[in-house]
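Hi everyone, thanks for making time. I'd like to walk you through one structure today, so please have a look at it with me.

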Amino acid sequence: MTEDEAVDEELLTIGAFAARARLSAKALRLYDRLGLLAPARVDEVSGYRYYRAEQVARARTVALLRQLDMPLARVAEVVGAPDGATAADRLDAYWAQVEARVAGQRTLAEYLRGRLSGRSSEMYGKFVVETVDVPEHVVIGETRHVLADELPVWIGSALGRLEAAGRECGGITAPPFVVYHAEVSVESDGPAEACVPVVDEAAARAWLARTGRTHTTAVRVEPARRLAFTRITKAQVAHPQILTAFEAVEEWIAREGLEQAGPCREVYFADWEAAGAGDPVCDVAFPVRRSEAG
């Protein structure tokens, strides 16, 4: 018996290996092509794939990870980990993301159920809507095209940058806010504008000239407005809970014979990091005016 024949006796054909691993030959070819599970040997003449029996555990692990709907790139990270503890940590990180996504989808489903079942008025009734007159002020604004899942990180970083700039411009005169110039959702990217009101317009324009970021940042005068708003907690800022708040204000505006006089906004008046889930942190607001028809 030649050395190659001896080696072949220790190997399993792709069919035999697939039966042991409880996978199809097609799946094994895919895993090979993606670098997840390479055959122990490929015959140069026939192209037949051969596997070692000890590869069954890896093959079954790959298959089980795929049952978690884990993308193939993440599967490669798990099975390619240098040790079991690292592989488990990578699985934990993936599953935490899955649970967060499912929790968000569950909340969205509850929101949609309320709308579809005609319970919108009941949902809106949980929000108290008031009006406030806001004076004219100078703002430094940063505009960005951003999708809904990117929004929380961008808002935090943009307002942080602008608040630092505001301190260089004589101070901040009012709570920062975010204006939605067009819809922001999982499919629509706005744009949105993060704004910080500042004391000194000349200093703000000098700051803008120094930074040279005129393609995304601008200094402008925000006119005096009357806002219709409802106050929400940190937990309610999350999507889609915040959609109910926006819709509650819109419904109130129509009921009161008013009309929208500008894009909607979120006004952040509290220390976000220090606030608890039930603490008020944000006003969901629309500029309003008396309807001409009214």
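Let's begin with Arg161, which counts as partly exposed at 34% relative accessibility. Keep in mind that this is a predicted model.

Who is the partner of Arg161? Its side chain meets that of Glu142 in a salt bridge, at 2.6 Å from N to O. Glu142 sits in strand 5 (residues 137–144) and Arg161 in helix 8, so this pair ties together parts that are 19 residues apart in sequence. Glu142 also meets the side chain of Arg144 in a salt bridge, this one at 3.6 Å, N to O. Glu142 itself is buried, with a relative accessible area of 0%, while Arg144 is partly exposed, at 36%.

Now stay with helix 8. Glu168 forms a salt bridge with Arg210, and their closest N and O atoms are 3.3 Å apart. Glu168 lies in helix 8 and Arg210 in helix 9 (residues 201–211), so here the parts tied together are 42 residues apart in sequence. Arg210 is exposed, at 56% relative accessible area.

Across the whole structure, a search finds 14 salt bridges. There is also a network of them linking Glu193, Arg220, Glu222, Arg225 and Arg265.

Thanks, friends!

Terms used
Residues are numbered from 1 along each chain as its sequence is written. This is a predicted model: local features need pLDDT of at least 70, side-chain atom pairs count only at pLDDT 80 or more; totals for chains, interfaces and linings use all residues. Side-chain values use heavy atoms; hydrogens and water are left out. A salt bridge is a side-chain nitrogen of Lys or Arg within 4 Å of a carboxyl oxygen of Asp or Glu. Buried means under 20% relative accessible area, exposed over 50%, partly exposed in between (1.4 Å probe, protein chains only). Helices (H or I, at least four residues) and strands (E, at least two) are DSSP runs, numbered from the N terminus.
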